[in-house]
Amino acid sequence: MFKKIPNYVKYIFTNVFFLFVYIFIFRVLFYYLFAQLENVTSSEIKTAFLLGFRFDIKLAVMTFFPIAIFILITNYKFFKRKIYQKIATFYLVLAYLILTLFFLFDFGYYDYLSIRLDASSLRFLSNIGISSEVLIESYPVYKGVFALLVLCFLIYKFSNFLFNRYKNQLNTFNKKIKAIYFAATFLLLSFGIYNSFTHYPLRWSEAFFSKNNAVNQFSLNPVLYFFDSFAYRSEGVNMDEFNTYYPVIAKHLGLPKDSVSFERKVVFDSTYTKKPNIVIVMMESVGVKPISYYGNPIKTTPNLDSIIKSSVSFSNFYVHKSGTAASVFASVTGLPDIENVRTASRNPLIIDQRILFDQFTGYEKLYFLGGSANWANIRGIFQSNIKQLQIFEEGSYKTEKRADVWGIDDYELFKESNKELEKLSKQEKPFIAYIQTASNHMPFTVPDTKESYKPLKDDEISSDLLKKSGFKSVAQLNALRYLDFNIGRFLERAKTSGYYDNTIFVFFGDHNTAMKRTDLFPKEYDLNIQLQHVPFLIHAPKYIKPKVISNTGKLIDLFPTVASLAKINHTNYTLGSNLLDSTNIKDVGFVYLKTKGEPAVGLIKDSLYLNKTMVTNTLGLYNLKEKELIDLKEKYPLLTKKMDSLLSAYYHSTKYLYFNNKKLSE
């Protein structure tokens, strides 16, 4: 029976089979290297593998489908012409190469953010130079290029082998038989793409069957998911939705209800005779989970632990989106980044905003970073919104020794920043400075020794303790330890330089680093908000007494809080609020993330977390302190409805302010 099947049909299915095997090998590699499914039940792993098996078949068929149709049309003549062999060989070499690159990038993307490759990853192409350097410094790229060339050669030889294996067609067929084989092959291939016996084809959403996000991520096929996620790119403001929810945000923020206005004037009866300095430090990739003060079993951050104890700290503080550019945008503009594919900083239509940073009249304004401010269009965010801002970047410093793709390391960055701040202090010029760190970021470049800092060796931390801590590697741990050392050293320099006492220091994490699931904050891991939960502390012994505030806070509250503490008269046009206001009832967190494979928004209030997907509008209400991940929306329908309204109000108000909060013409 098999011998009677036309060779061109055998050739089609043989290629599909080997494509599937090749794709499935990457799934197996992902399972052993990245999936982190140690504590998952065998039944869930089995389901994930079966779903992944189907996704991989679908991709294999879709990959070969275009040339399969060409082969079916030419049928046995396909093996008669040399040009057809060249076309098939070129197509297969290119297909295998593209698939390989997709999976390799997916491995790196997941290792960085714990999500599979999707359309939002295209934001890295906006800074292709920086992204390329991170790639080169983090992975053996040149060896990889050589391996890809070897792969292309092997696929070339294999493709020719298969072509020659089937080119000797012994039988010829009449038009009726050929039509039957055409139809049967086409239907089988089509079913491979449809991949379902139900009314609906196999879709990415089926991968999200588990409450454990790591299981769902493993089920996905990143190539298919990448193209599916294009449907979820962001849109402009929907005025009908905004008008519907404006009364909700107006009540929440104390805005006028009869007209649309987000303007809130804050005027103090008295101000400080000597203006306090402000130093805002963005701590790269720092969440609460890796910090020993919050329960990490490794003593990771002794300096931060000490600083937190002598500061006002917020134990339930959330950034809006898990990305550095997103957090820089939100912290400076007072608006969350809810752009899906690209970051808000890269959208030239929305970077013009009325912000609080610009309202520190009489202050010297400075922005420090180790690399280039062109990254992610961050220069545009700062320069277009802040008058007389001084930007210090690579090329600006007297002493520069580039550590990696991110420029000078944090030690040198803090050292150079301190020099400038000391000058201003001696000239009795008040300043507000924003320092953006980077060493706690891949490729985790740390020195062999720096004063009292020494990186730990792999054999100095047991594998059990490393696993219990959630860190993926000792290199990741060392990078955090280096940042912690540099923060402590920076405050020592500030004391020596004479501006420590009269300065309000603000520290916040831009997002958490990707970590393994542990007993620490497990529900946040399961709900995919572990990356958003970060430390936020105000260290200013002269101006505020140390205490822990458990009320929920969000990143856009940073500047309203700091401006109020420094008694700066200002007008707030943003969605942020003063977290130190004792009458504040606006203590919620607002997050933008991926849930069940699609864009979603979330609202955090005390221990409750409401999540809503943006395409299917699926709601879920969870208690972050409960042991089990139970959806409570049916149990508390009125509370769910109330939180959903506020969640929608934050989302649509953000979209509105993107385009309606521009600076007035002078």
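A nonpolar core is a set of buried Ala, Val, Leu, Ile, Met, Phe, Trp, Tyr and Cys residues joined through side-chain atoms within 4.5 Å, where buried means under 20% relative accessible area, exposed over 50% and partly exposed in between (1.4 Å probe, protein chains only). The model in these views is predicted, so to speak of local features takes a pLDDT of at least 70, and side-chain atom pairs count only at pLDDT 80 or more, while totals for chains, interfaces and linings use all residues. Numbering runs from 1 along each chain as its sequence is written, and side-chain values rest on heavy atoms, with hydrogens and water left out.

**View 1. Tyr434 and Phe382 in the largest nonpolar core.** This core has 87 residues, and Phe382 and Tyr434 touch the most other members. Helix α18 (residues 637-660) supplies the largest share, 9 residues; helices (H or I, at least four residues) and strands (E, at least two) are DSSP runs numbered from the N terminus. Beyond its neighbours within four places in sequence, Tyr434 has contacts (heavy atoms within 4.5 Å) that include Ile280, Met282, Phe357, Phe382 and Phe508. A second, separate core of 68 residues includes Tyr11, Phe26, Phe208 and Val215.

**View 2. Helices α2 and α6 side by side.** Helix α2 (residues 42-74) packs on helix α6 (residues 175-194) at an angle of about 160 degrees, with the axes 8 Å apart. Axes are lines fitted to C-alpha atoms, for helices over the stretch in contact, and angles run from 0 to 180 degrees between N-to-C directions. That makes the two helices roughly antiparallel, the label for angles over 145 degrees. Among the residues that meet are Phe65 and Ile69 of α2, and Phe182 and Leu189 of α6. By class, the contact of α2 with α6 has 12 nonpolar, 3 polar and 1 charged residues; Ala, Val, Leu, Ile, Met, Phe, Trp, Tyr, Cys and Pro count as nonpolar, Asp, Glu, Lys and Arg as charged, and the others, Gly among them, as polar.

**View 3. The cis peptide bond at Pro443.** Met442 and Pro443 are joined by this cis bond, with omega about 15 degrees. Look for Pro443 in the loop between β8 (431-436) and α14 (463-469).

View 4. Asn75 is not a glycine, yet its phi is positive, about 40 degrees. Asn75 sits in the loop between α2 and α3 (82-113) and is buried, at 9% relative accessible area. Gln388, also not a glycine, has a positive phi near 55 degrees. Gln388 belongs to the loop between α12 (378-383) and β5 (389-392) and is exposed, at 74%.

Methods. Angles under 35 degrees count as roughly parallel, over 145 as roughly antiparallel, 65 to 115 as roughly perpendicular and the rest as oblique.
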